[in-house]
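Thank you all for making time this morning.

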Amino acid sequence: MPVRVLGISGSPHRHGNTETLLDAFLEGGALAGGAVEKIILKDLDYSPCRGCNACHKEGECIVKDDAIPLLEQVLSADCLAVASPIYSMGITAELKGLIDRAQYIWARKFILKSLYFTDKEIHRHKGVFISTAGLSWDNVFDAAFPAITAFFNTMGFEYYDNIIANDMDRYRGIRGHPTALADARAKGKEVVRAIERMSRD
Ligand SMILES: Cc1cc2nc3c(=O)[nH]c(=O)nc-3n(C[C@H](O)[C@H](O)[C@H](O)COP(=O)(O)O)c2cc1C
């Protein structure tokens, strides 16, 4: 079975810097034989978490919208590439909204203890964060990392790597960046091959 690579774009801007960088990663994954799929969050219909804590009792979210099938799809992916531009020094509302909705998975793991991932499963499931930012600051992505770490932890993915490109304003977009797209393509190939190797072991 091919390595399943799921890309989730949290950018509301279609075919902008972040989605283009995600596309390069997915192209690399496909070239290495992965079965890739891309989801655009802005095209889905889901609400923010209500904080009702109903999931703490049954491990199910009572809000039945597009977030649920997507989160179930995440659980069955081998590689998860989560992409968001930096908005106001963090991730977009689209992506944060989805991450919060994964609280029912968190409840299964930590409250109900009905869900458990072995270290081997986590090691085989690789999470990659893809992001772009307008500013040149080295620390411009720092506020995004904790939410991504929390999402990968909840969903049972090892945080494999970041593919991040800042200074988009100066480069006039991702296509003006000297290395980012080639690096993302190479990383897509690398991660699919790494998962394949682990599946054989
Ligand atoms: C609402 C909004 C907020 C932004 N906030 C920041 C920011 O805090 N820091 C930064 O470096 N760039 C910021 N940017 C610039 C974007 O991160 C940058 O242009 C990014 O490459 C856009 O990706 P996209 O083409 O996928 O939308 C912001 C852009 C928008 C639209």
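Let me begin with a term: a nonpolar core is a set of buried Ala, Val, Leu, Ile, Met, Phe, Trp, Tyr and Cys residues joined through C-beta atoms within 7 Å, where buried means that 20 or more other C-beta atoms, placed from the backbone, lie within 10 Å of a residue's own. What you see is a predicted model, in which local features need pLDDT of at least 70 and side-chain atom pairs count only at pLDDT 80 or more, while totals for chains, interfaces and linings use all residues. Residues are numbered from 1 along each chain as its sequence is written.

With that in hand, the largest nonpolar core has 53 residues, and those with the most contacts inside it are L21, F25, C79, A81, V82 and I130. Helix α9, residues 180–200, gives the most to this core, with 6 residues; helices here are DSSP runs of H or I with at least four residues, strands are runs of E with at least two, and both are numbered from the N terminus. If we leave out residues up to four places away in sequence, I130 touches T18, L21, L22, F25, A81, V82, A83 and I163, a contact being two C-beta atoms, placed from the backbone, within 7 Å.

Now to its partners, where two strands pair if DSSP finds at least two bridges between them. Strand β1, residues 4–9, pairs with β3 in the parallel sense over 5 bridges, and G7 has A81 as its bridge partner in β3. Strand β4, residues 126–132, also runs parallel to β3, joined to it by 7 bridges, and in β4 it is V128 that stands opposite A81.

Finally, which residues are closest to the ligand? The ligand is surrounded by 17 residues, the closest being G16, T18, P85, G134 and L135, and a residue counts as near if its C-beta atom, placed from the backbone, lies within 6 Å. Helix α1, residues 17–31, gives the most to this shell, with 3 residues.

Methods. Buried ≥ 20, exposed ≤ 12 C-beta atoms within 10 Å, placed from the backbone.
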